[in-house]
Structures are given as structure tokens and as C-alpha cells.
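Please keep the sequence and the model at hand while reading.

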Amino acid sequence: MNKKWAAKRLTINLTSSEAQKLEQFCSITGRPATDVIRELIRSLSTHEEKVPQT
């Protein structure tokens, strides 16, 4: 494993429909799931005012 990415390992549980959607996206784009998930995490806003209140 590349030491650059070894900082934190994360395990997630997906529903079957979520896993299927991720697999389809990866198949269409030719990108690995790790890259897709990493890009989605990077796109998250960390500004407090942009976080919706529940």
C-alpha cells in the first residue's frame, strides 16, 4: 500500500442499492471506488454555516 494513503483506513456499510450505485458509477467512469469516495469526501463543506441543522 502506498504510504501516502495509509494515514487512515475506513470501513463503511452500504445498503445493497448504495453499493450497486457506486459499482455502476465506477464501471461507467472506469474509476476505483476508493477514488470516487475520496473525491466525494473532499467536496464536503467544512464551513459551519453551510452545515444544515437537523
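How many residues has H1, and how far does H1 reach from its first C-alpha to its last? H1 has 14 residues and reaches 20 Å between those two atoms, close to the 20 Å expected at 1.5 Å a residue, where the expected span of a helix is 1.5 Å times one less than its number of residues.

## Basis of the model

This is a predicted model, in which local features need pLDDT of at least 70 and side-chain atom pairs count only at pLDDT 80 or more, while totals for chains, interfaces and linings use all residues. Residues are numbered from 1 along each chain as its sequence is written, and side-chain values use heavy atoms, with hydrogens and water left out.

## The two helices

Helix H1 covers residues 16-29 and helix H2 covers residues 33-42; helices here are DSSP runs (H or I, at least four residues), numbered from the N terminus. H1 is followed by Gly-30, whose phi is positive, near 75°.

Two packed helices are described by the angle between their axes and the distance between the axes. H1 and H2 pack at an angle of about 105°, with their axes 9 Å apart, the axes being lines fitted to C-alpha atoms over the stretch in contact and the angles running from 0 to 180 degrees between N-to-C directions. That makes H1 roughly perpendicular to H2, a description used for angles of 65 to 115 degrees.

## The contact between H1 and H2

Leu-22, Phe-25 and Cys-26 in H1 meet Ala-33, Val-36 and Ile-37 in H2, contact meaning heavy atoms within 4.5 Å. By class, this contact has six nonpolar, no polar and no charged residues, with Ala, Val, Leu, Ile, Met, Phe, Trp, Tyr, Cys and Pro counted as nonpolar, Asp, Glu, Lys and Arg as charged, and the others, Gly among them, as polar.

Val-36 is buried, with a relative accessible area of 6% (buried is under 20%, exposed over 50% and partly exposed in between, for a 1.4 Å probe and protein chains only). Leaving aside residues up to four places away in sequence, Val-36 touches Leu-22, Phe-25, Cys-26 and Arg-31. Val-36 and Cys-26 are 10 residues apart in sequence and 7.6 Å apart in space, C-alpha to C-alpha. Glu-23, also placed in H1, is exposed at 55% relative accessibility.

## Salt bridges

The count comes to two salt bridges, each defined as a side-chain nitrogen of Lys or Arg within 4 Å of a carboxyl oxygen of Asp or Glu. Arg-31 pairs with Glu-39, the closest N and O atoms being 2.6 Å apart; Arg-31 is partly exposed at 27%, and Glu-39 is partly exposed at 44%.

Asp-35 forms a salt bridge with Arg-38, with the closest N and O atoms 3.1 Å apart. Asp-35 and Arg-38 both lie in H2, three residues apart, about one turn of the helix. Asp-35 is partly exposed at 32%, as is Arg-38 at 21%.

Notes:
Parallel < 35°, antiparallel > 145°, perpendicular 65-115°, else oblique.
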